[in-house]
Amino acid sequence: MKKVFITLVVCLAVFVACTNDKEELLNPSGNDCTGVNASFANDVLPIIQAKCQGCHGAGSTNGPGQLTNYNEIKNAAAKIRTAVVTGYMPKVGGPLPSSEIKMIKCWVDSGTPNN
Ligand code: HEC
C-alpha cells in the first residue's frame, strides 16, 4: 500500500513538473515584455544567425525560406514567433533557451522594429 502511495506521489510530481514546463515554454518568463528592449540588430539577428541560418540560409526553401536580413525576417515574423514559442523551431537542437525565445517574442510583439 505504501508503495502504491509513493508511486502515485511521484507520478503526480512528474505530471505537475511537465505541465509547468509547458506553461513556461508558451509564456517564457511570464508574458511580460515590460523593460525588454529587444533590438533587431543586437538580439534577434544574432540568434537567427546562430540557430536558424544553417537551415534558413541563402537559397533555403525550408518553410519561410531564407532568414538572412531584416526584410526576410520581418515578413516571416508571425510564423517565426509561433515556431520558436512552441519549440517547433529550431527543428534540430530546439527549443531555444527561454531568454532567446523571450527576445524574439518581445521583438515581434513590439512591432518588428528595425532597431
Ligand atoms: C535543422 C534545420 C532547421 C533549423 C536549425 C531551423 N529550421 Fe525552420 N524549418 C526547417 C524545415 C525543414 C522547415 C519546413 C518544414 C517544416 O515546417 O517542418 C522549417 C520551417 C520553418 C518555419 C515555418 C513553420 C510553419 O509554421 O510553416 C519557420 C517560421 C521556421 N522554420 C523558422 C525557424 C527559426 C526561427 C529557426 C531558428 C530559431 C529555425 N527555423 C531553425 C528546418 C530548420
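Reply: Start with one definition: helices (H or I, at least four residues) and strands (E, at least two) are DSSP runs, numbered from the N terminus. This is a predicted model: local features need pLDDT of at least 70, side-chain atom pairs count only at pLDDT 80 or more, and totals for chains, interfaces and linings use all residues. Residues are numbered from 1 along each chain as its sequence is written, and side-chain values use heavy atoms, without hydrogens or water.

Me: How many helices does the protein chain have?
Reply: Read the elements from the N terminus: α-α-α-α-α-α. There are zero strands in the protein chain. The count of helices is six.

Me: What share of the residues in the protein chain is buried?
Reply: Buried means under 20% relative accessible area, exposed over 50%, and partly exposed in between (1.4 Å probe, protein chains only). The protein chain has 115 residues. Its buried share is 30%.

Me: What part of the accessible surface belongs to carbon and sulfur atoms?
Reply: Accessible areas come from the Shrake-Rupley method with a 1.4 Å probe; for residues, only the protein chains shown count as cover. For the protein chain the total is about 7300 Å². The carbon and sulfur part is 60%.

Me: Which residues coordinate the iron atom of the ligand?
Reply: Donors are N, O and S atoms within 2.8 Å of the metal (3.2 Å for Na, K and Ca); water is not among the atoms, so sites may look incomplete. Here the protein atoms are NE2 and SD, at 2.0 to 2.3 Å. They belong to His56 and Met89.

Me: How many residues apart in sequence are the parts that this pair ties together?
Reply: Histidine 56 lies in helix α3 (residues 53–56). Methionine 89 lies in the loop between α5 and α6. So the pair ties together parts whose separation in sequence is 33 residues.

Me: What is the geometry at the iron atom of the ligand?
Reply: Six donors count as octahedral if opposite donors are over 155 degrees apart and all others between 65 and 115. Ideal octahedral angles are 90 or 180 degrees. At this iron atom, the angles among six donor atoms run from 85 to 180°, and the site is octahedral.

Me: Is histidine 56 buried or exposed?
Reply: Look at its relative accessibility, which is 10%. Histidine 56 therefore counts as buried.

Me: What does isoleucine 48 contact, leaving aside neighbours within four places in sequence?
Reply: Ile48 is among the core residues with the most contacts inside the core. Its partners are Gln53, Leu67, Ile73 and Ile80.

Me: What span does helix α6 reach from its first C-alpha to its last?
Reply: The expected span of a helix is 1.5 Å times one less than its number of residues. Helix α6 (residues 98–109) has 12 residues. Its span is close to the expected value, at 16 Å.

Me: Which elements are among those covering the buried residues of α6?
Reply: Buried residues of α6 include Ile101, Ile104 and Trp107. Their cover includes α2 (40–51), α4 (70–75) and α5 (77–85).

Me: Which residue has a positive phi although it is not a glycine?
Reply: Glycine 111, following α6, has one near 100°. The residue that is not a glycine is found in the segment after α6, and its phi is about 45°. It is threonine 112.

Definitions and conventions
Contact means heavy atoms within 4.5 Å. Four donors count as tetrahedral if all angles lie between 85 and 135 degrees; four count as square planar and six as octahedral if opposite donors are over 155 degrees apart and all others between 65 and 115; anything else is irregular. A nonpolar core is a set of buried Ala, Val, Leu, Ile, Met, Phe, Trp, Tyr and Cys residues joined through side-chain atoms within 4.5 Å.
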